[in-house]
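Reader: I have a model open and would like to talk through what sits inside. Can we start with the helices?

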Amino acid sequence: MDTGGWGERYAAGSTPWDLGRPHPELLARLGSGALAPPFEGARALVAGAGRGHDAGALAQAGWHVTALELVPALAPDLAQRVGAEGTVVIADALAWRGATDFQLVFEHTFFCALEPELRPRWGELVRSALARDATALLAAVVFPIGKPPQLGGPPFGVESSQLAAALGDGARVLTDEPVQHGVSRRSYPERWLELRVAGLTARRSR
């Protein structure tokens, strides 16, 4: 599988986006119950899951997690972290169309790694994955806020409005605020975003 250089970066340990632990804001919101599964067996999707730190935190909080990752060598780490109730899928996330009944899509380091012209395809993935009901949620750590476009990426500069725009019509922001538990080594601000998408329809054929 062509991993577009990501596999080589993991093999070399050149992974500055990998915190070596779940994002502290995610841990805080899981710990407070604010991001608790709405019912037993509720499913969460983490695309671009990497070594699975965030996916593992969601699994430990009771979510049935699907970890979607491009790099095959990361599958053992992912399987260990999501546990017996979780699922690991090695695939190109932008081409993957799996289940459509996720109550949560969690986004941390995937959107900002994409070339900006690919963001609409991210939106298609999320719209396809979210359950067709009023409670399905996208939750995201949005960063790097305010990074100038001329500096390129990855990570590319991101604003919360760009995630909403990628999701298209019906995206309704519930929360958009600075993280309270950030990562000090990051050079740009981070925000916590939650939104829902009204009027979801059946998956688009490609």
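**A buried helix**

Author: This is a predicted model. In it, α5 is largely enclosed by the rest of the structure, because 8 of its 11 residues are buried.

Reader: Which residues of α5 are buried?

Author: They are Arg 119, Trp 122, Gly 123, Leu 125, Val 126, Arg 127, Ser 128 and Ala 129.

Reader: And what covers them?

Author: The cover includes the strands β1, β4 (104–107), β5 and β7, along with the helix α6.

Reader: Moving on to the largest nonpolar core. Which members touch the most others?

Author: That core has 35 residues, and the ones touching the most other members are Leu 68, Trp 96, Phe 110, Trp 122, Leu 138 and Leu 163. At least two core residues come from each of β1 (43–47), α5 (119–129), β5 (137–142), α6 (160–167) and β7 (191–197).

Reader: What is Trp 96 in contact with, leaving aside neighbours within four places in sequence?

Author: Trp 96 contacts Leu 45, Leu 68, Val 89, Ala 91, Phe 102 and Leu 125.

Reader: What does the second core include?

Author: It is separate, has 27 residues, and includes Ala 59, Leu 104, Leu 137 and Val 141.

Reader: Different topic. Where does Gly 153 lie?

Author: In the loop between β5 and α6.

Reader: How far is Gly 153 from Pro 116?

Author: Their C-alpha atoms are separated by 9.7 Å, with the two residues 37 apart along the chain.

Methods: Residues numbered from 1 in each chain as written. Predicted model: local features only at pLDDT ≥ 70, side-chain atom pairs only at ≥ 80, totals over all residues. Heavy atoms only, no water. Core = buried A, V, L, I, M, F, W, Y, C linked by side-chain atoms within 4.5 Å. Buried < 20%, exposed > 50% of the residue type's maximum accessible area, 1.4 Å probe, protein only. Helix = DSSP H or I, 4+ residues; strand = E, 2+ residues; numbered from the N terminus. Contact = heavy atoms within 4.5 Å.
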